[in-house]
Amino acid sequence: MSTTIQKLNRRSFLKTSAAAAGGLVIGFYLPESKLEAQGAVGKLNAYIQIGTDDSVTLFIHKAEMGQGTVTSLSMLLAEELECDWKKIRTEFPGVDPVAFGPMQGVFGSMSIRTSWEPLRKAGATACEMLVQAAAQKWNVPKSQCRAENNTVLNLNTKARLSYGSLAEAASKLPVPQQNVALKDPTQFKLVGKSQKRLDTPGKVSGKTTFGIDLRVPGMLYASLQRCPVFGGKPKSFDAAKAKTVPGVKQVVQISNGVAVLADNTWSAMEGRKALVIEWDEGPLANSTSATIRKTFADLGEKRGAVARQEGDVSSVMSGATHAIEAVYEVPYLSHAPMEPLNAVAHVRPDGCDVWSGMQIQSVARQTAAAVSGLAPEKVQIHTVYLGGGFGRRGGADFIGEAVEISKAAGVPVKLQWTREDDIQHDTYRPASYTKFASVLDANGKPLVWNVRVVCPSFAGLRNGVDRTGVEGIAEIQYDIPNILVDYHPPEVGIPVSYWRSVGYSHNTFFTESFMDELAVAAKQDPLEFRRKLLTKAPRLLGVLNLAAEKAGWGKPLPAGRHRGISVVDNLGSFNAQVAEVSIDKGKLRVHRVVCAVDCGHVVNPAIVVQQIESGIVYGLSAALRGEITIDRGRVQQTNFNNYEPLRIDEMPVIETYIVPSTNPPGGIGEASTPAIAPAVTNAIFAATGKRIRKLPIRPEDLA
């Protein structure tokens, strides 16, 4: 089946219907984010296809890494198309900047919030054209026809025509020039109701293909020894012993290491162990966590680039008799997805194919083209399911390595990272060192929000500020009249990138902890203190009140238990969390977390709950144990034995309450990660009177 995808401007959304041999194809535009290049806005980047065999296929430039994209997008389409949503097939197409836009992939929890209206319009338009095609076949008014369950029903004769039988005729009709009416949400039959995920059966049966499952003909398995110091390179190596390992076929050097290629993974890894390599460790060979922290702290004494400035902070601070000040810190963190990184690459003189689980296919293609020396249009990207992303697979360093090895070896190669590779050669969530200062008036209201953020940049600077470094601090909705937030991007050589919920993941810990400090200084209840400052932020206030109500805030707790509260808005969603903790003989236990979330219109409540729980366990793992430390330029952690996620017996009971809303959908995949750390540390303060200003939480913090 061929398709014709036309370039459109934003106003002409959905004006193309590609006549296709034997079926109906409708292209449409999914707006993404400010990351999208201005010049490409308006090009079609998604389409649906109705085949003569009654199949319905949704082509999406996203990825499924556990966040429920496949299920929720199918529900959106089926609701307006009036088809059986469980029979919708989804495909991840190759990279095509004309058809799918310049930033093909999934990031920023945007799958639903950018698809909500466009996908519904596309479904409704396709449905309208199928009904019109049926009316013409029957030679009856369109009002005599109704779409339901993959068919069009003749209301008078009760005859039915399947979508497949109408697809070709519909493809020859002009697309309606006026927007087709969408369903009123009160008419939804599918959206808003919990549904089982479409991807579960394939995953539990082993039929789903992840990157780690991939095989291609003639492929060799590669294991890469990288320099243990960031930025280091091989000076010389001896591969003699490696080549004696049964199964080893080749040893090749690439820009950042030496790769052993074998006819199975085990042999490749054993050959790698036998390599003798002398490294040029580069300028970071003496770097340690202590020297890095000193760099951060030194910058914390100097004024940075202004991220937000309102009122007159200097005058208020200089006239105050008592200022409340604090320094908060978090360490580097690894993403640690359950499926270690991997990629298959086949570089040939005439082209290159790459297969991998990746978040941003466009970045993967750009990287593969640069490394292979081929034009981007000669690089084909094949997306498979991801065993966890959390931002790690938004980068393409592992894909570039696979391409470089394949090019050097002259064969298709599967590069398989180990867990140790993953943790010691990650692109980490940046460490951060942040100073707060404030002043209260006579009624205990904060007059100043004065914050200096020292945090490495990875998303680019504008006027000296990386907005991801200050998000969650600079854009607070608390009603404070004088605000000054400035920023430093230290350059210390540790590779950093997006981590689930990005800057909010640590800045919310800082903001909500310091807000608790202000409440204590004002001698007010932390909930009531926040309520007074959020009267102009109704959605934040709404989740705060709901979480407090459901948690029983103010009511007696079982002996030894204490509560902490926090609230945040990020990625278009709002949530508040109340954590209940106890401390027994220096050991912390988080018993219960109550989360209230307002994420606008909900497509699948079950997936919202899953994502809330997933985000909380991810954030709680980081708060309790997550820490990457550096010694002699090397990461000291190696595997889950010393970079340990939360164990199942440590998991608290989580209650999730969704606020009914008619607002557009917000992101949910990352929404709940930021607020759990401050909810827990504020509860620890309630239990011990000790304020935790540095993560992870250590035993000495609990005494």
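Strands, like helices, are here DSSP runs, a strand being a run of E of at least two residues, and they are numbered from the N terminus. The model is a predicted one, and in it Thr-383 belongs to strand β18, which covers residues 379-383.

Is Thr-383 buried or exposed? Since buried means under 20% relative accessible area, Thr-383, with a relative accessible area of 11%, counts as buried. When neighbours within four places in sequence are left aside, the residues in contact with Thr-383 are Phe-92, Ser-356, Met-358 and Gln-361. With Gln-361 there is also a polar contact between side chains, at 3.1 Å.

Sheet strands pair through backbone hydrogen bonds, in either a parallel or an antiparallel manner. In this open sheet three strands follow one another in the order β6-β7-β8, and the pairing is antiparallel. The edges are formed by β6 (145-148) and β8 (160-162), each of which pairs on one side only, and from one strand to the next the twist averages 25°.

Between β6 and β7, the latter made up of residues 151-154, there are four bridges, and the two strands run antiparallel; Glu-148 stands opposite Thr-151 of β7. Two helices accompany these strands. Helix α3 (residues 111-138) lies across β6, β7 and β8 and runs at about 45° to β7, while helix α4 (residues 163-171) packs on the sheet, touching β6, β7 and β8, with a direction that makes about 75° with that of β8.

Terms used:
Residues numbered from 1 in each chain as written. Predicted model: local features only at pLDDT ≥ 70, side-chain atom pairs only at ≥ 80, totals over all residues. Heavy atoms only, no water. Pairing = 2+ DSSP bridges. Axes fitted to C-alpha atoms, helices over the stretch in contact; angles between N-to-C directions. Contact = heavy atoms within 4.5 Å. Buried < 20%, exposed > 50% of the residue type's maximum accessible area, 1.4 Å probe, protein only. Polar contact = N/O pair within 3.5 Å; in protein donor to acceptor, adjacent residues only side chain to side chain.
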